[in-house]
Amino acid sequence: MLSVAEQCSNLGFGVGLRTVHYTDFMESCPEVDWLEALTENYLGTGGRPRQVLRQLSMRYPIVLHGVSLSIGGSSPIDRHYLKLLKVLADEVQARWISDHLCWTGYAHHNLHDLLPMPFTEASLAHVKNRVDEVQNYLGRAILLENPSSYASFVFDGISEAQFLREIVLSTGCGILLDVNNVYVSSVNHGLDAKVYIDTLPAEAVGQFHLAGHSQREGYLLDSHIGPVPEPVWDLFRYTLARVGSRASLLEWDEEIPSLEVLLEENEKAKTLAALPSPAIQIHPELHL
Amino acid sequence: MNFEEAQKWMHAAIVAEEAPGEADEVLKSTNGVCAHRRLGVYRDMYRVRMSESLQMDYGLLQSVVGEEEFESLCWRYLKDFPSTSYTLNDLGRNFADFLEIQADLPPYVGEIARLEYAIVRSFDAFDPTPADWVELSALPLETLCQKSLRPLPSFVGERFNYNLNSLYDAYVDETLSPGIVPQEQVCNLLFFRENFQVRRLSVEDLSWKLYQGLRESRDFGEALDPVLALAKTPDEQQKLLASFQEWVGRSLLYSA
């Protein structure tokens with residue numbers, strides 16, 4: 001099985017491939033280090049999106065990022081989905097494959113949302129088994145992303161970061177560390193975002209996500225709208241110092257701007273990553 | 001409550017018409033936000049996501065029935081046909097069938113949904129390599145008739161009892177009048193993909209029968225003969241063959 005280290009080279013700074021930018025990419029080959037494609041938009045379709053992705057895979061490194069694996073779900077892993085995913089990954093020579101630490105529905109009904117995991121010993125064992133199953137099928141380690149969350153369960157026994165850490169150590173999967181999601185969830189649940197970052201095994205982080213969010217009444221919504229807010233850049237600085245530089249990707253899904261604006265925002269991430277990292281101390285209360 | 005029961009509860013709580021009262025027994029109220037509000041974030045997002053997904057594929061239907069009625073139809077539909085797929089592209093798979101059996105709806109409502117789903121099907125279809133026009137046109141008629149030619153999966157045909165072609169034209173041109181009711185008139189439409197755009201062809205009955213024949217028959221001859229027999233004048237025969245030539249010329253058929 002291909003490990004995280006074998007797959008996740010530091011590709012530089014990529015952007016999420018969105019339909020509105022297809023023509024830009026196809027016609028003018030803009031300078032972007034790599035592209036992340038939303039897996040489900042290219043599975044089971046023979047139309048333009050698949051054709052575009054196939055052509056772009058000859059010019060840019062492609063990473064597949066999914067939302068429907070439901071690694072934390074109670075229904076059996078969808079083998080048909082895995083089969084299609086494997087075919088697509090081979091077709092576009094995906095550098096790696098990622099999805100979310102979440103569940104998406106119950107009894108084969110898909111709510112198409114990244115629902116919060118109940119964090120218990122039983123669910124931990126359940127997810128570990130499913131990650132093993134997926135990785136064995138795909139023949140490669142996958143990356144799991146920390147989702148933004150708006151609710152947690154009264155019986156949760158461990159933190160999300162500890163849960164993710166345990167899965168990584170047991171299965172050899174990697175982490176897609178979404179810095180915006182860490183920030184959003186920490187605000188929504190009143191937690192310390194830096195403790196979250198410190199808890200994760202840095203060497204397992206294969207990729208970063210950066211994005212914007214929206215203020216709602218009493219909580220932050222992971223809307224992927226607008227430029228990356230300053231507190232997220234701050235946390236990204238901290239993450240770079242703690243984890244080191246990794247392939248980084250900017251997500252912008254609401255009111256998507258021109259590719260030019262998107263690439264300007266990406267330049268900020270490049271600039272930060274190029275700066276020397278300040279020395280930091282791991283949170284003194286953290287016992288790993 | 002174990003984690004599976006928790007997921008079952010939360011799933012039901014998200015899709016339920018009314019939010020359940022016991023949210024605070026399952027979800028934490030923290031950081032000044034109560035459990036009900038936290039559950040509400042997921043309930044709201046579910047509704048927005050499903051509506052937006054159907055709106056994207058059924059824009060004409062929404063324009064004809066109005067936003068409020070469309071929203072109501074979506075929820076009636078989703079109760080019976082929640083998503084069971086990894087992709088939202090499939091969400092409308094049963095929408096037309098569902099609408100066509102609702103006694104309180106005029107029949108054109110289901111037909112409009114069927115038209116819009118034909119566009120989705122055409123756009124997303126995986127196609128084999130089309131039959132080569134030069135190769136086919138060089139064949140003697142007898143040999144051609146023995147060839148098994150089929151419409152590509154992206155070459156989709158639907159027959160309607162209302163004139164939905166002009167209705168769709170008006171929708172595309174943004175000239176659709178509010179409260180419009182489509183005119184009752186049989187309308188045969190063929191949808192096909194060209195440069196990754198879905199296009200429409202309105203065809204007469206004989207061409208429609210030939211299209212159907214190609215879908216169902218063993219070979220081209222079996223599809224053509226009964227339709228040719230229905231063509232009463234040389235002009236009708238000519239039109240029929242012109243349709244076939246157009247389909248081959250546009251690379252819409254493949255050798256099965």
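1. Burial in helix α11 of chain B. A residue is buried if 20 or more other C-beta atoms lie within 10 Å of its own, exposed if 12 or fewer, and partly exposed in between, with C-beta atoms placed from the backbone. By that count Ser207(B), Trp208(B), Leu210(B), Tyr211(B) and Leu214(B) are buried in α11(B). They sit on the same side of α11(B) because they cover an arc of only 160° around the axis. The arc is taken over the directions from the helix axis to the C-beta atoms. The helix runs over residues 205–216 of chain B, twelve residues in total. From first C-alpha to last it reaches 16 Å, close to the 16 Å expected at 1.5 Å a residue. The expected span is 1.5 Å times one less than the number of residues. Helices (H or I, at least four residues) and strands (E, at least two) are DSSP runs, numbered from the N terminus.

2. Basis of the model. This is a predicted model, where local features need pLDDT of at least 70 and side-chain atom pairs count only at pLDDT 80 or more, while totals for chains, interfaces and linings use all residues. Residues are numbered from 1 along each chain as its sequence is written, and chains are lettered from A and ligands numbered from 1 in the order in which they are written.

3. Nonpolar cores. A nonpolar core is a set of buried Ala, Val, Leu, Ile, Met, Phe, Trp, Tyr and Cys residues joined through C-beta atoms within 7 Å. The largest has 99 residues. Those with the most contacts inside it include Leu35(A), Ile62(A) and Leu144(A). Apart from it lies another core, of 56 residues, with Leu73(B), Tyr117(B), Leu190(B) and Phe192(B) among them.

4. The A–B interface. Here 37 residues of chain A are in contact with 40 residues of chain B. Contact requires C-beta atoms, placed from the backbone, within 7 Å. On the chain A side, α3 (48–56), β5 (103–106), β6 (109–115), α5 (121–138) and α7 (179–189) each supply at least two residues. The largest share, six residues, comes from β6(A). By class, this side has 14 nonpolar, 19 polar and four charged residues. Ala, Val, Leu, Ile, Met, Phe, Trp, Tyr, Cys and Pro count as nonpolar, Asp, Glu, Lys and Arg as charged, and the others, Gly among them, as polar.

5. Strand β12 of chain A. Five of the five residues in β12(A), 247–251, are buried. Ala247(A), Leu249(A) and Glu251(A) point one way, and Ser248(A) and Leu250(A) the other way. β1(A), residues 13–16, pairs with β12(A) in the parallel sense over three bridges. Pairing takes at least two bridges found by DSSP. Val15(A) stands opposite Leu250(A). β9(A), residues 205–211, also pairs with β12(A) in the parallel sense, over five bridges. There Gln207(A) stands opposite Ala247(A).

6. Leu235(A). This residue lies in helix α9 (residues 230–243) of chain A. Leu235(A) counts as buried because it has 22 C-beta neighbours inside 10 Å. Beyond four places in sequence, Leu235(A) is in contact with Val179(A), Val182(A), Tyr183(A) and Ala193(A).

7. Backbone points to check. Most residues other than glycine have a negative phi. His112(A), in strand β6 of chain A, has a positive phi near 55°. His112(A) counts as buried, with 20 C-beta neighbours inside 10 Å. Phe196(B) has a phi near 65°, again positive. Phe196(B) lies in the loop between β3 (184–194) and β4 (197–203) of chain B. Phe196(B) is partly exposed, with 13 other C-beta atoms within 10 Å.

Technical notes
Contact = placed C-beta atoms within 7 Å.
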